[in-house]
Amino acid sequence: MEGSEGPWGGGSMNQASSMDTNTEDGGTSIKDTCVMEMSSKDYIMEPSIFTCLKRYFQAGGMPEKVVELLSENYSAVAQTVNLLAEWLIMCGLAPTQVQDLVEDHLKDLLLKHFDPKKADTIFTEEGETPSWLESMIAHQKWRQLFYKLAEEYPDCLMLNFTIKLISDAGYQAEITNVSTACTQLEVFSRVLRTCLATILEAGAEEALKQNIPEFAKMVCHAEHTYLYTQVVMAILAQNKTGGTVVRRISQEIQKYAKQKGHDVTHITLALDGATAYPRAQQCIMSMLSKSQLNPGDVTILHKLYSSDDPPPVKLLRFPLFLELFVDSLFTSKGTKINPDHKHKYIFLLAYAASVTEQLYRGDRRKINCDELQQTSQAIDKVHHLVCGGKGQLELMSEIGTLYHCIRYPVVATGVLKWIEQIVSDSTYFEKQMDHTPLHLTLLDEIVSCHVLLHQDVLKLLINLFELAFSNLDTLIQLEMKKTVLDRMVHLMSRGCVLPVISYIRDCSDKEGTDVSLIRHFVTEVLDIICPPYTSDFVHMFLPIIENESITGSLRNEDGNDPVSDFIVHCKTNFIMVT
């Protein structure tokens with residue numbers, strides 16, 4: 001029995017001894033790790049201090065060692081910052097200003113020293129969302145920090161998760177330019193919904209142009225985000241309420257993608273049902289992809305749309321496609337047209353501009369071509385006038401024809417493109433003898449007939465106003481610019497008020513424009529306006545009126561003048577906020 005107990009008894013003692021040794025080694029390892037952590041600078045300020053202390057004491061660590069390590073490595077960086085902040089406040093700085101200084105410096109340090117691998121360990125170690133992270137995303141400044149970091153480190157799991165937290169918290173409107181948001185469908189969908197709602201609620205053309213670039217940049221981040229967005233908008237565009245605006249937004253994004261060098265023609269055609277008309281689809285895709293018209297494809301399209309059962313007219317109505325036809329028929333920038341094929345180009349442009357279709361549950365019931373022939377004739381007449389090499393006197397003799405044809409929107413668009421090309425020539429105004437050249441007179445007629453072209457006309461007038469005509473005498477330059485300002489005043493009289501006033505206000509604030517020109521504009525505007533005025537108009541126009549250097553010479557000592565009358569009216573009826 002003793003012989004048999006020896007090995008078993010000895011084995012049990014050896015095993016117990018081994019377990020004690022392993023336990024002791026494990027405790028020593030834990031203590032060493034904790035000692036290493038507590039030896040780091042200002043570790044007492046770390047959120048993990050309590051977890052570290054618990055592990056250390058459970059492994060048999062001594063309290064004296066803890067006190068020694070934490071006190072020796074305490075540098076009081078945070079407390080020193082607080083002390084310096086208090087001193088700055090005592091010196092007269094506002095508390096908010098001091099807070100901004102500290103936060104901005106901390107933000108710069110985080111951007112400089114951020115380590116995505118260490119950031120990812122936060123979640124693997126803690127296993128849940130840190131409370132400090134939830135506190136940070138409640139402040140806009142720190143959210144902006146996460147947006148910048150997410151742009152720089154798109155593969156960081158911690159940042160991806162934080163972006164989702166920000167979206168969940170309702171701040172998705174802020175993350176339109178964050179590429180990380182585009183990789184998470186849930187976040188991207190929220191951002192897309194918020195951006196579309198913002199653009200649709202704004203409504204105005206100025207707001208649309210202001211919001212579209214950032215929105216388009218986000219949508220065009222990748223092919224999958226572009227496709228997803230266009231599919232969503234294609235469905236929304238079918239609604240009677242707001243559908244046309246959504247389609248406009250979709251077309252603006254197509255234009256942006258094209259400008260950035262992306263060929264999205266196949267997606268655009270597929271979403272408009274072009275796959276059901278393969279021949280038309282192939283022709284349109286070929287010309288759009290190359291951004292150039294060619295007689296072969298134009299001939300095929302002409303044959304298809306001249307048939308008894310033509311493809312849907314919407315396939316011709318892509319803005320980029322229509323621009324190719326307008327440029328070719330009204331300017332020298334587009335593809336040169338063979339005279340034998342000219343009628344085909346005119347027919348297709350007129351068809352796209354004038355033909356309407358009656359649909360019932362998606363099926364075409366009737367094609368209305370009542371205005372097709374008249375539109376074709378108008379395009380043909382104006383094409384002959386503007387591209388026939390006629391001089392200004394010959395054009396003056398045809399002014400009645402031009403005025404009549406300009407009433408067609410497609411012709412007005414073409415004439416505007418033609419005018420832009422002509423007047424942008426540096427020698428144009430050197431050759432002019434009339435106070436108001438013919439081409440600028442035609443701009444007035446376009447403005448009077450077509451509200452939707454107001455922004456395009458204003459853009460052209462601004463470009464003309466800002467051109468430097470170094471070859472012209474200074475007085476002639478001033479007279480020319482006054483003529484351009486007169487066109488802007490006419491534009492105002494037709495409803496384009498705030499965009500014009502906003503531009504002149506910018507010119508006044510920058511002080512780079514001759515004061516006599518601003519004074520001329522003010523005089524002309526005061527001649528055509530009368531109460532009541534909108535608050536937006538007053539707050540934008542009144543600072544120009546009150547500028548002594550601009551309107552001082554227009555005022556009388558007795559205050560009986562249009563400038564004084566306007567100022568008194570505004571002061572009496574509006575609360576001015578400075």
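Start with helix α10 and its packing partners: its buried residues (under 20% relative accessible area, 1.4 Å probe, protein chains only) pack against α9 (157–168), α11 (205–219), α12 (223–236) and α13 (243–259). This is a predicted model, where local features need pLDDT of at least 70, side-chain atom pairs count only at pLDDT 80 or more, and totals for chains, interfaces and linings use all residues. Residues are numbered from 1 along each chain as its sequence is written, and side-chain values use heavy atoms, without hydrogens and water.

Select residues 185–202. That is α10, with 18 residues. Helices here are DSSP runs (H or I, at least four residues), numbered from the N terminus. Color the buried ones, among them Val187, Phe188, Val191 and Leu192.

The axes, lines fitted to C-alpha atoms over the stretch in contact, come within 9 Å and cross at roughly 165 degrees. That makes α10 roughly antiparallel to α11 (angles over 145 degrees, on a scale from 0 to 180 between N-to-C directions).

Show side chains. Contact means heavy atoms within 4.5 Å. Phe188 and Leu192 are among the α10 residues that meet α11, whose side includes Leu208 and Phe215.

Next, go to Ala76, in the loop between α3 (63–72) and α4 (77–90). Its phi is positive, about 60 degrees, although Ala76 is not a glycine. Ala76 counts as buried, at 16% relative accessibility.

Then select Ser291, between α15 (278–290) and α16 (295–305). Ser291 also has a positive phi, about 55 degrees. Most residues other than glycine have a negative phi.

Finish at Pro531 and Pro532. A cis peptide bond joins them, with omega about 0 degrees. Pro532 lies in the loop between α27 (515–528) and α28 (535–546).

Methods: Helices (H or I, at least four residues) and strands (E, at least two) are DSSP runs, numbered from the N terminus. The expected span of a helix is 1.5 Å times one less than its number of residues. Buried means under 20% relative accessible area, exposed over 50%, partly exposed in between (1.4 Å probe, protein chains only). Angles under 35 degrees count as roughly parallel, over 145 as roughly antiparallel, 65 to 115 as roughly perpendicular and the rest as oblique.
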